[in-house]
Amino acid sequence: VCKLKDFSADLNPRFLFYGINKYLAEIEDRTTYTTVKHLSAKTIRGIDFPLPPLEEQQRIVAVLDEAFEGLARARAHAKANLQNARVFFLSVLRDAFSNDSRKWETDQVADVAAQEVPRSKAKKSKDTTQTGGRGATLRPIAGDFSLTVLQSDNVPRKGWKWTQLTDLARLESGHTPSRKHHEYCGGDVPWIGIKDARDHHGHEVHSTLENTNPLGIANSSARILPKTTACLSRTASVGYVPIMVRGMATSQDFVNWVRSDALLPDYLMFLLIAQGD
């Protein structure tokens, strides 16, 4: 760090501050470095700096101060407006899926886990998901916005009915092709990761940060899922919901719903977002 102090009476320090930022590119051109940029004290002393009369410096500083204060206010207002818009959107979303007649269970059924299910030694199909391990919970978990785990005794809204999601969409997981094989990386198969989900939460995914290829798909448990598949992130960053705009694969960080014609993809996405908590 280089400190500049003991300014002469002919210099407004804020004028110097703005000037250094203005001529930063030219100053960086004078750096000498091998791995880390460096300005020597000798180089700094040799830098010429245009200096108008003090009165002109003060006028320029006043204009810039006012401009940056306005920019800061505009940025704060924009941030507040964006937050208000998000809150309003979520409020409208939850209202759309809320159920005024709900009476969630108070006496929960015991959480009984199924016995270990032996993993099949048969070759896995690339078209369907095969899972093993412990079965899912048998305890109903009631949600607040038209979504629940297992059947609820909540009376649906008029004209609505409870429907098992697996009757409307096929459940799929994802996988990561081995990164030890460089030939699996890159290609024309988009591969959705957690950052893609964060960047496209509540939106369609048109492109991804990483791609794989048919070779990577063939040598992993990943599958190319069809467009309009809704993806729900379930590890690390939980609750992000994007929609595929074309055939894509995902990492194992997602539970994916390949919808039937009875279910609109945006409807499922908004439902999952509404029940995000």
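Tutor: We start with the ground rules, then take salt bridges, then the pocket. This is a predicted model, where local features need pLDDT of at least 70, side-chain atom pairs count only at pLDDT 80 or more, and totals for chains, interfaces and linings use all residues. Residues are numbered from 1 along each chain as its sequence is written, and side-chain values use heavy atoms, with hydrogens and water left out.

Student: How many salt bridges does a search of the whole structure find?
Tutor: The search finds 6. A salt bridge is a side-chain nitrogen of Lys or Arg within 4 Å of a carboxyl oxygen of Asp or Glu.

Student: What does Asp65 meet in a salt bridge?
Tutor: Its partner is Arg14, at 2.9 Å from N to O. Asp65 is in helix 4 (residues 54-97) and Arg14 in helix 1, so the pair ties together parts 51 residues apart in sequence. Helices here are DSSP runs of H or I, at least four residues, numbered from the N terminus.

Student: What about Asp199?
Tutor: Asp199 meets Lys195 in a salt bridge of 3.0 Å, N to O. The two are 4 residues apart in helix 5 (residues 194-199), so about one helical turn separates them.

Student: Which residues are linked in a network?
Tutor: Arg170, Glu172 and Arg223 are linked by salt bridges.

Student: New topic. How much space lies in the second largest pocket?
Tutor: About 530 Å³. On a 1 Å grid over the protein atoms alone, a pocket is an open set of points where a 1.4 Å probe fits, with protein on both sides within 12 Å along at least five of seven lines; lining residues have an atom within 4 Å of a point. Grid points are joined across faces, edges and corners, and the volume is the space filled by probe spheres set on them.

Student: Which residues are closest to its centre?
Tutor: Of the 17 lining residues, those are Cys2, Leu4, Ile20, Ile44 and Ile47.

Student: Which helix gives the most to the lining?
Tutor: Helix 3, with 3 residues.
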